[in-house]
Amino acid sequence: MIETEPDQSKLTTLYTERAVSFIKRSKDKPFLLYLAHTMVHVPLYVSDKFKGKSKAGLFGDVMEEVDWSVGEVLKR
């Protein structure tokens, strides 16, 4: 059976981990990383570590997590 709405609450973290790993592996040669987060579009999911963190509801929580993700990628 195909799930129409599988749990995607860890998707932003997975994107972040994969992007950071790619940067680590590619650090000695030129590369292009295109990271397009899907979590700013519905349906929205947020990980437990960001759930309820903003004062703007679910969308605000999602944006907090995407902001964290971008920061992790830029740090790397």
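How many helices and how many strands make up the secondary structure of the protein? The secondary structure comes to 2 helices and 0 strands. The model described here is predicted. Of the 76 residues of the protein, 32% count as buried. The two helices, α1 (residues 11-26) and α2 (residues 57-75), pack with their axes 9 Å apart.

**Overall dimensions and contacts**

- Taken along the principal axes, the C-alpha atoms of the protein fill a box of roughly 40 × 35 × 20 Å.
- Among contacts in the protein with a separation of 6 or more, 49% come from residues 24 or more positions apart.

**Packing of α1 against α2**

- Two packed helices are described by the angle between their axes and the distance between the axes.
- Helix α1 and helix α2 pack at an angle of about 10°, and their axes lie 9 Å apart.
- Because angles under 35 degrees count as roughly parallel, α1 is described as roughly parallel to α2.
- On the α1 side, the contact is formed by Thr 12, Thr 13, Thr 16, Ala 19, Val 20 and Ile 23.
- On the α2 side, the residues that meet them are Glu 65, Val 66, Trp 68, Ser 69, Glu 72 and Val 73.
- The residues of this contact of α1 with α2 divide into 6 nonpolar, 4 polar and 2 charged.

**Helix α1**

- Helix α1 has 16 residues and reaches 22 Å from its first C-alpha to its last, close to the 22 Å expected at 1.5 Å a residue.
- The buried residues of α1 are Leu 11, Thr 12, Thr 13, Thr 16, Ala 19, Val 20, Ile 23 and Ser 26.
- These buried residues of α1 pack against α2.
- Thr 12 is placed in helix α1, and at 2% relative accessibility Thr 12 counts as buried.
- Its classification follows because buried means under 20% relative accessible area.
- Leaving aside neighbours within four places in sequence, Thr 12 is in contact with His 37, Met 39, Glu 65, Val 66 and Ser 69.
- Of these partners, Glu 65, Val 66 and Ser 69 also belong to the α2 side of the helix contact.

**Helix α2**

- Helix α2 has 19 residues and reaches 27 Å from its first C-alpha to its last, close to the 27 Å expected at 1.5 Å a residue.
- Gly 60, Asp 61, Val 62, Glu 65, Val 66, Ser 69 and Val 73 are buried in α2.
- The buried residues of α2 pack against α1.
- Val 70 also has its place in helix α2, but at 38% relative accessibility Val 70 counts as partly exposed.
- Val 70 and Thr 4 are 66 residues apart in sequence and 28 Å apart in space, C-alpha to C-alpha.

**Salt bridges**

- Side chains of opposite charge can pair when their charged atoms come close.
- The count of salt bridges comes to 2.
- Lys 51 forms a salt bridge with Asp 48, the closest N and O atoms being 3.3 Å apart.
- Asp 48 is exposed, with a relative accessible area of 65%.
- Lys 75 forms a salt bridge with Glu 72, and here the closest N and O atoms are 2.9 Å apart.
- Lys 75 and Glu 72 are 3 residues apart in helix α2, so about one helical turn separates them.
- An α-helix has 3.6 residues a turn, so residues three or four places apart point the same way.
- Lys 75 is exposed, with a relative accessible area of 65%, whereas Glu 72 is partly exposed, with a relative accessible area of 25%.
- Glu 72 is also one of the α2 residues that meet α1.

- Asp 7 lies in the segment before α1 and is exposed, with a relative accessible area of 58%.
- Asp 7 and Tyr 45 are 38 residues apart in sequence, while their C-alpha atoms are 7.7 Å apart in space.
- Most residues other than glycine have a negative phi, and most peptide bonds are trans.
- A cis peptide bond joins Val 42 and Pro 43, with omega at about 0°.
- Pro 43 lies in the loop between α1 and α2.

Key. Residues numbered from 1 in each chain as written. Predicted model: local features only at pLDDT ≥ 70, side-chain atom pairs only at ≥ 80, totals over all residues. Heavy atoms only, no water. Axes fitted to C-alpha atoms, helices over the stretch in contact; angles between N-to-C directions. Helix = DSSP H or I, 4+ residues; strand = E, 2+ residues; numbered from the N terminus. Parallel < 35°, antiparallel > 145°, perpendicular 65-115°, else oblique. Contact = heavy atoms within 4.5 Å. Nonpolar A, V, L, I, M, F, W, Y, C, P; charged D, E, K, R; others polar. Expected span 1.5 Å × (residues − 1). Buried < 20%, exposed > 50% of the residue type's maximum accessible area, 1.4 Å probe, protein only. Salt bridge = Lys/Arg side-chain N within 4 Å of Asp/Glu carboxyl O.
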